Amino acid sequence: MVEQQKQEPEIPYLTRIQVLGAMGATAIILLIVAKLSLHFGNFSLFSWKWDEKDLLLGIGLGFVITALSGIAYRVWTPYRKSADYYLEVVLKPLALPDLIWLGLLPGLSEELLFRGVMLSALGLDHLAVIVSSFCFGILHFSGSQQWPYVIWATIVGMVLAYSALLTGNLLVPIVAHMITNWISSYFWKMWQLRQLKNKF
């Protein structure tokens, strides 16, 4: 296996409190933007209802997205480097229980804004899917060398947007987003802990 060259982050490494604070602040900002858009816009929030079938569909979709991400990680070297960089900045300072927040906060706030509000505001069509997904991808931009991660986030955004359109229920992308974040972050943390153990 060829050893990867480690990228130094363009943003400084953060502490656990800074990462959790940034997640919380980002969630609040996205919720405020969503609320203001709904208040001043001439559209309504995408439908959100509790349905056991859609809940299971969201869980299944989360596993599928995670599996596809794992495949992309193995076969697409630029994405692997980009994902490692992003995850190291975000996940490295966090403890395992913190991963609960990593699923809940972005899963709720990002889906409410990008699928719940933006998709409706842009017209619930293919163009709305593309534009809202691209904006979702840009949200994950953290440095000039991170375009592969932005591309992947945009593709995932499109999958989540179409899941909302096809089911008519925002619950599906919310649950899928949470599951994806929980599983991928857990496996990355476990990999990191194994790497640390192997050094000693």
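Leaving aside its neighbours within four places in sequence, which residues is E111 in contact with? The contacts of E111 are P106, G116, L160, L170, P173, I174 and H177. Contact here means heavy atoms within 4.5 Å. To place E111, start with the whole chain.

This is a predicted model, in which local features need pLDDT of at least 70, side-chain atom pairs count only at pLDDT 80 or more, and totals for chains, interfaces and linings use all residues. Residues are numbered from 1 along each chain as its sequence is written, and side-chain values use heavy atoms, with hydrogens and water left out.

The protein has seven helices and zero strands. Along the sequence the pattern reads α-α-α-α-α-α-α. Helices (H or I, at least four residues) and strands (E, at least two) are DSSP runs, numbered from the N terminus. The C-alpha atoms fill a box of roughly 55 × 30 × 30 Å, taken along the principal axes. A compact globule of 200 residues would have a radius of gyration near 16 Å; the protein has 17 Å, which agrees. That radius is taken over C-alpha atoms, and the globule rule is 2.2 Å times the number of residues to the power 0.38.

Of the 200 residues, 44% count as buried. Buried means under 20% relative accessible area, exposed over 50%, and partly exposed in between (1.4 Å probe, protein chains only). The accessible surface comes to about 11,300 Å², and 70% of it belongs to carbon and sulfur atoms. These areas come from the Shrake-Rupley method with a 1.4 Å probe; for residues, only the protein chains shown count as cover. Among contacts between residues at least 6 apart in sequence, 82% join residues at least 24 apart.

Now take α1. Helix α1 covers residues 16–40, and its 25 residues should span 36 Å at 1.5 Å a residue; the end C-alpha atoms are 36 Å apart, which agrees. The expected span of a helix is 1.5 Å times one less than its number of residues. The buried residues of α1 are V19, M23, G24, A27, L30 and A34. They pack against α3 (77–91), α4 and α5.

Helix α4 is next. Its 24 residues, 99–122, should span 34 Å; the end C-alpha atoms are 32 Å apart, which agrees. How many residues of α4 are buried? The count is 17 of the 24, so α4 is largely enclosed by the rest of the structure. The helix has a kink of about 35°, centred on E111. The bend at a residue is the angle between axes fitted to the seven residues ending there and the seven starting there.

A second polar contact, at 2.6 Å, joins the side chains of E111 and H177. A polar contact is a pair of N or O atoms within 3.5 Å; within protein, one must be able to donate a hydrogen and the other to accept it, and residues adjacent in sequence count only if both atoms are side-chain atoms.

Two residues follow at the end of α4. Just after the helix, G123 takes a positive phi of about 115°. L124 has a phi near 55°, a positive value in a residue other than glycine. L124 is found in the loop between α4 and α5 (126–139). At 42% relative accessibility, L124 counts as partly exposed.

Past α5 comes another loop. Q146 sits in the loop between α5 and α6 (147–167). Q146 counts as buried, at 1% relative accessibility. A polar atom of the Q146 side chain lies 2.8 Å from the backbone oxygen of S82.

Helix α6 has 21 residues and reaches 30 Å from its first C-alpha to its last, close to the 30 Å expected. Its buried residues include Y149, W152, V156 and L160. L160 is also one of the contacts of E111. Just after α6, G168 takes a positive phi of about 70°.

The tour ends in α7 (residues 171–199), where S185 is found. At 2% relative accessibility, S185 counts as buried. Its side chain reaches the backbone oxygen of W182 at 3.2 Å. Not counting residues up to four places away in sequence, S185 touches L91, L99 and L102. S185 and I100 are 85 residues apart in sequence but 9.8 Å apart in space, C-alpha to C-alpha.
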